[in-house]
Amino acid sequence: MLRTSPAAPPPPPGARRRWSVLAVCALSMFLVGVDTTIVNVGLPEIGHGLGVGTHGLEWVVDAYVVVLASLLIVSGALADRWGRRRVFRCGLLVFGLASLVCALAPSLGVLVAARAVQGIGASMLSPVALAIVVNAMPDPRERARAIGVWASVFGLSMAAGPVTGGALIAAFGWRSVFWINVPVIVVTLVLVAVFVPESRAARARRLDWPGQLLLTAVICLFVGVLIEGPRIGWASPAALAGYALVTAAAIGFVLVELRRDEPLMDLGLFRRPPFATAVLGATAVFVALNVSLLLNTLYLQHTRGWTPLATGAATLPMALGATLCAPWSGSLVGRLGPRRPLILAGGFMTAGGLCLTDLGQDTSVPLILFAYLLIGVGFGFANAPLTNTAVSGLPPSRAGVAGAITSTARQVGAAVGIAVAGGLVAGTGPSDLAAASRPGWLLVAGCGVFLFVVARASQPTVADAR
């Protein structure tokens, strides 16, 4: 492929314009995050509308998340190479067109396929938005605050998705959760044209297509086995074949990456405890969030008979906790480093999960709402320090890939959380669903405990992260 010498990077934008760039990127990230969780609360309505059961509906969520997770790193590399604004705008267009198809989908197959295409578009937004923000903020302290705001908005969007979805479904039906994307995309495209400057890495990396294909295979096969395991049997020949394929693809990915001069994912970074534990921590946080959201939806609608609007409203304490604590966490990271907010995140998330480990058909609503509030507070405190720790562990010239690795970990966690929660309650009747979901709440608490490990390994100050 013909290469040209990179032009000198443009000077960073002025202070007001820098924060305008952050606002535009945060809007796109809010859209990506909302679409990860907004569908959860509408799954029963989608099932009724399309005539499918709970098992098939897991793919409506995970088709989006799996494709998003699989392509984040290569999208970041493409943006560093071809221009971040250019790839960002492409992602917005793909996402918007796929949303139209989702809104018009006549069958589950079409909806799942369109959700996968949505994931392709979203993969061009998540890491690229963070790279644009990092490039626009040359001062390390200002960059740390901006990363905190970015992570806060993304975290808020994940928690706000069920509330938004419940309100839209109650007013306009389940297809409205996809129609709403279209005007947001149009507005964002206009704002990108006005405010966001073009930028790219000083030196373009070669694209690692073998590594990309193997990473996609690992994620898709792993999540597929988790989703289909309850139906086909965990010890069935098909499941055993799935385990073998996942193992082979993972080994192949490691071997390919170790032998390439410019790998898709620099595995040597995982030798650094702060980086490795931050990536694992991001995975754990999103496992906990998505287990909580899916179990909440199924329990309240199937066992308690709540409407989608009431179910979405039940997550308001979670969204409130994330909204209030995420900016606070970003400020703490900028002043004190990531350790203290991670300890707070671990404590609140652990407590929230433990509150529901004895969930029953008649568990008091105040206890349920209190548990959701604790989980939301933990989620709000977690995202900024995890993002800051992981991104600070990579060279500035690799900003696209830096954001992509952390975002990949988040989306893998989301996909695994959906698959695990769905597997726990697969084939369970309404009267038994509460008891079947109890291991899921233990898992949420365990993810909170793991954040204490991440806190211990994280850099204690911002200066150490530079």
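In this predicted model, 58% of the 466 residues of the chain count as buried. The chain exposes about 17400 Å². Carbon and sulfur atoms supply 69% of that area. The secondary structure comprises 19 helices and 0 strands. Among contacts between residues at least 6 apart in sequence, 85% join residues at least 24 apart.

The largest nonpolar core holds 125 residues. Within this core, Val60 and Leu111 touch the most other members. Helix α12 (residues 273-303) contributes the largest share of the core, 17 residues. Beyond its neighbours within four places in sequence, Val60 is in contact with Val39, Leu43 and Ile46 and also with Leu108, Leu111, Val112 and Arg115.

Helix α18 covers residues 433-457. At 1.5 Å a residue, its 25 residues should span 36 Å. The end C-alpha atoms lie 38 Å apart, which agrees with that expectation.

The mean pLDDT of the chain is 82, and 88% of its residues reach 70 or more. Confidence is highest in helix α15 (residues 339-355), at a mean of 94. Confidence is lowest in helix α19 (residues 462-465), at a mean of 40. The pLDDT is below 50 over residues 460-466, a stretch with 15 contacts in the model beyond near neighbours in sequence. Residues 1-8 also stay under 50, with 6 contacts beyond four places in sequence. Where pLDDT is low, predicted coordinates should not be read in detail.

Technical notes: Residues numbered from 1 in each chain as written. Predicted model: local features only at pLDDT ≥ 70, side-chain atom pairs only at ≥ 80, totals over all residues. Heavy atoms only, no water. Helix = DSSP H or I, 4+ residues; strand = E, 2+ residues; numbered from the N terminus. Expected span 1.5 Å × (residues − 1). Core = buried A, V, L, I, M, F, W, Y, C linked by side-chain atoms within 4.5 Å. Buried < 20%, exposed > 50% of the residue type's maximum accessible area, 1.4 Å probe, protein only. Contact = heavy atoms within 4.5 Å. Areas by Shrake-Rupley, 256 points an atom, 1.4 Å probe, with all protein chains shown as cover. pLDDT = per-residue confidence, 0-100.
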